[in-house]
Amino acid sequence: MATYAWTINTLYTKDVTKNGTTYNDAIVRVEATLTGTSETVGSISAEGGFDLDMNVDNIDNSFTLYGNVTEANVISWIEGRVGSTQLASIKTGIEKDIEFREKIDGAIAKGSTDSDGNFTASFPWS
């Protein structure tokens, strides 16, 4: 299992006019990252990136002024835009990545690194 945290990386805004009403600084695009962190080995994490069109075609009276937008608003909009089924699928992928990383945690690649930082693998048959 994993614990999850959203990071909002970038908000893109523009003025949008619909039915004669102009909505200033409407958020039209969001770049965000969902990071899952292992509940077993806290230093292990995996993430999924999102670059979403926020579908301002449906803008209406529930519009939130940019200055009043909270991180919780944006996270709610992202989750609504992605949808629960797709979000669950993304979280499953993140958890599988974490499980793999937990299994190999502490493993050391056999080989050597030269003074330039180039790694050369070694094998018992060579």
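The questions and answers that follow concern a predicted model.

Student: In what order do the three strands of the open sheet lie, and which strands stand at the edges?

Tutor: The three strands form an open sheet with antiparallel pairing, and the twist from one strand to the next averages 15°. A strand at the edge has a single partner, so one of its sides is left without a neighbour in the sheet, and this holds for β1 (2–18) and for β3 (45–53). The order is therefore β1-β2-β3, with β1 and β3 at the edges.

Student: How many bridges join β1 to β2, and how many join β2 to β3?

Tutor: Strands of a sheet pair through backbone hydrogen bonds, either parallel or antiparallel. Here β1 and β2 run antiparallel, with Arg29 in β2 as the bridge partner of Tyr12. On the other pairing, β2 and β3 also run antiparallel, where the bridge partner of Thr35 is Glu47 and that of Val30 is Leu52. The counts are 15 bridges for β1 with β2 and nine for β2 with β3.

Student: How many residues does each hairpin have between its strands?

Tutor: In the hairpin of β1 and β2, Asn19 takes a positive phi near 50°. A second hairpin joins β2 to β3.

Student: Is Tyr23 buried or exposed, and which residues does Tyr23 touch?

Tutor: Tyr23 is found in strand β2, which spans residues 21–38. The relative accessibility of Tyr23 is 10%, and because the cut-off for buried is under 20%, Tyr23 counts as buried. Leaving aside residues up to four places away in sequence, Tyr23 touches Lys14, Asp15, Val16, Lys18, Ile59, Asp60, Asn61 and Phe63.

Student: With which side chain does Thr33 make a polar contact?

Tutor: Thr33 also has its place in strand β2, and a relative accessible area of 13% makes Thr33 buried. Beyond residues up to four places away in sequence, Thr33 touches residues including Ala5, Trp6, Glu47 and Gly48. The polar contact of its side chain, at 2.9 Å, is with the side chain of Asn9.

Student: What kind of aromatic pair do Trp6 and Phe50 form?

Tutor: The structure holds three aromatic pairs. In the pair of Trp6 and Phe50, the ring centres are 5.2 Å apart, with 50° between the planes. The pair links distant parts of the chain, with Trp6 in strand β1 and Phe50 in strand β3, 44 residues apart, and both residues are buried. Because planes under 30 degrees apart count as stacked and those over 60 as edge-to-face, the pair is tilted.

Student: Over which rings do Arg29 and Lys91 lie?

Tutor: The charged end of Arg29 sits 4.3 Å from the centre of a ring, and that ring belongs to the bridge partner of Arg29 in the sheet. For Lys91, the distance to the ring centre is 4.9 Å. The rings are those of Tyr12 for Arg29 and Tyr4 for Lys91.

Student: At about what angle does helix α1 run to β1, and what angle does helix α2 make with β3?

Tutor: Helix α1 (residues 71–82) lies across β1, β2 and β3, while helix α2 (residues 84–104) packs on the sheet and touches β1, β2 and β3. The angles are about 90° for α1 with β1 and about 155° for α2 with β3.

Student: Which residues does Glu79 touch?

Tutor: Glu79 has its place in helix α1, and at 31% relative accessibility it counts as partly exposed. Not counting residues up to four places away in sequence, Glu79 touches Trp6 and Leu87.

Methods: Residues numbered from 1 in each chain as written. Predicted model: local features only at pLDDT ≥ 70, side-chain atom pairs only at ≥ 80, totals over all residues. Heavy atoms only, no water. Helix = DSSP H or I, 4+ residues; strand = E, 2+ residues; numbered from the N terminus. Buried < 20%, exposed > 50% of the residue type's maximum accessible area, 1.4 Å probe, protein only. Contact = heavy atoms within 4.5 Å. Pairing = 2+ DSSP bridges. Axes fitted to C-alpha atoms, helices over the stretch in contact; angles between N-to-C directions. Phe/Tyr/Trp six-rings, centres within 6.5 Å; stacked < 30°, edge-to-face > 60°. Lys NZ or Arg CZ within 6 Å of the ring centre and 35° of its normal. Polar contact = N/O pair within 3.5 Å; in protein donor to acceptor, adjacent residues only side chain to side chain.
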